[in-house]
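Try each task first, then compare your steps with the solution.

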Amino acid sequence: ALPIYRLAAWFADWREAGLLDNAIVVITSDHGEGLAQRTSTFGGHGEFYEEGLRVPLMIHATPKARQWLARKRDVEPSALVGRRSELVSHVDIVPTVLDALDLAAPIEFPGHSLLRTVPEDRFVHAQRVRRSAVYRESEKAVYFASGEVASYVDLDRDPAGAGESRPEDTEGLARAEQLVFDALAHLNSLPSHGGATKNEGLTEQEREALKSLGYGPELDGR
């Protein structure tokens, strides 16, 4: 975890060095923390619950950068201030930065530039080795690798996801299964740039250090 005072110190140093005169700053987090809200332990990074998946994503353009984006990149000033209501994801960061700098993407990325309009009905995915989660508008489902629904929630009705569970009623289960079906179809439509590299060459000490941080299953030859 990065203490907030460390960010303040960095910003002070960058400002003194003139690095913030014309800059875009992105602040985010890789995951949240469960803090024993739904389990008996403080570990697990919040799993696929809202406290684990909903993380800060703040993009700040300094005044000179905002002027440049409006003049050179045809970005509407309203897109550079305020809070976005659409679903956004870490996969949007690289497309946003490339768009801001007017750089061509070397490959096709799955995300969207947050300087532009983001589709409201987009899919946002979170994945681990054996389970995945998907959001579309207010709906969220967690499912196993087999496609079986693990839990479902409509966040318009339950913003904190307190009642996330596998639907017992036929209509709710049908909605959840359709969401998972659509999510898998969307994943299969995304551009593929080759499989993930295997974690070869790691020492046992390095593996144990990574596992202590919560990165365990993906180290076993994946």
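Val26 has a relative accessibility of 32%, so the residue counts as partly exposed; the scale calls a residue buried under 20% relative accessible area, exposed over 50%, and partly exposed in between, with a 1.4 Å probe and protein chains only. Before going on, note that this is a predicted model, in which local features need pLDDT of at least 70 and side-chain atom pairs count only at pLDDT 80 or more, while totals for chains, interfaces and linings use all residues. Residues are numbered from 1 along each chain as its sequence is written, and side-chain values use heavy atoms, with hydrogens and water left out.

**Exercise 1. Find the element that holds Val26 and the nonpolar surface patch to which Val26 belongs.**

Solution. 
- Step 1: Val26 lies in strand β1. Helices (H or I, at least four residues) and strands (E, at least two) are DSSP runs, numbered from the N terminus.
- Step 2: Together with Ile24, Ile59, Val97, Leu101 and Leu103, Val26 makes a nonpolar surface patch of about 450 Å². Patches are made of residues with over 30% relative accessible area and no salt bridge; like charges are joined within 9 Å, and nonpolar side chains (Val, Leu, Ile, Met, Phe, Trp, Tyr) within 5 Å. The accessible areas come from the Shrake-Rupley method with a 1.4 Å probe, and for residues only the protein chains shown count as cover.

**Exercise 2. Describe the overall layout of the protein chain.**

Solution. 
- Step 1: Count six helices and six strands.
- Step 2: Read along the sequence to get the pattern α-β-α-β-α-α-β-β-β-β-α-α.
- Step 3: Take the C-alpha trace along its principal axes, where the span is about 55 × 45 × 35 Å.
- Step 4: Of the 222 residues in the protein chain, 31% are buried.

**Exercise 3. Which residues form the largest nonpolar core, and which element gives the most to this core?**

Solution. 
- Step 1: Collect buried Ala, Val, Leu, Ile, Met, Phe, Trp, Tyr and Cys residues joined through side-chain atoms within 4.5 Å, as a nonpolar core is defined.
- Step 2: The largest such core has eleven residues: Phe123, Val134, Ala141, Tyr143, Val149, Tyr152, Leu173, Ala176, Leu179, Val180 and Ala183.
- Step 3: At least two residues come from each of β5, β6 and α5 (170–189). Helix α5 gives the most, with five residues.

**Exercise 4. Work out how β5 and β6 are joined.**

Solution. 
- Step 1: Strands β5 (residues 139–144) and β6 run antiparallel and are joined by five bridges; two strands pair if DSSP finds at least two bridges between them.
- Step 2: Opposite Val153 in β6 stands Lys140.
- Step 3: The hairpin has four residues between the strands, and Gly147 takes a positive phi near 95° there.
- Step 4: In strand β6 (residues 149–154), five of the six residues are buried, which leaves the strand mostly covered.

**Exercise 5. Follow the salt bridge of Lys140 to its network.**

Solution. 
- Step 1: Apply the criterion for a salt bridge: a side-chain nitrogen of Lys or Arg within 4 Å of a carboxyl oxygen of Asp or Glu. The structure holds 13 of them.
- Step 2: Glu164 and Lys140 meet through their side chains at 3.0 Å, N to O. Because Glu164 lies in the loop between β6 and α5 and Lys140 in strand β5, the pair ties together parts that are 24 residues apart in sequence.
- Step 3: Check the cover: both Glu164 and Lys140 are buried.
- Step 4: Salt bridges with shared partners join Glu50, Arg54, Lys140 and Glu164 into one network.

**Exercise 6. Classify the ring pair of Phe11 and Trp14.**

Solution. 
- Step 1: A pair of aromatic rings is described by the distance of the centres and the angle of the planes. Rings of Phe, Tyr and Trp (its six-membered ring) pair if their centres lie within 6.5 Å; planes under 30 degrees apart count as stacked, over 60 as edge-to-face and the rest as tilted.
- Step 2: The whole structure has two aromatic pairs. For Phe11 and Trp14 the ring centres are 5.5 Å apart and the planes stand at 65°, so the pair is edge-to-face.
- Step 3: Phe11 and Trp14 are separated by about one helical turn because they are three residues apart in helix α1 (residues 4–16).
- Step 4: Ring pairs link Trp10, Phe11 and Trp14 into a cluster.
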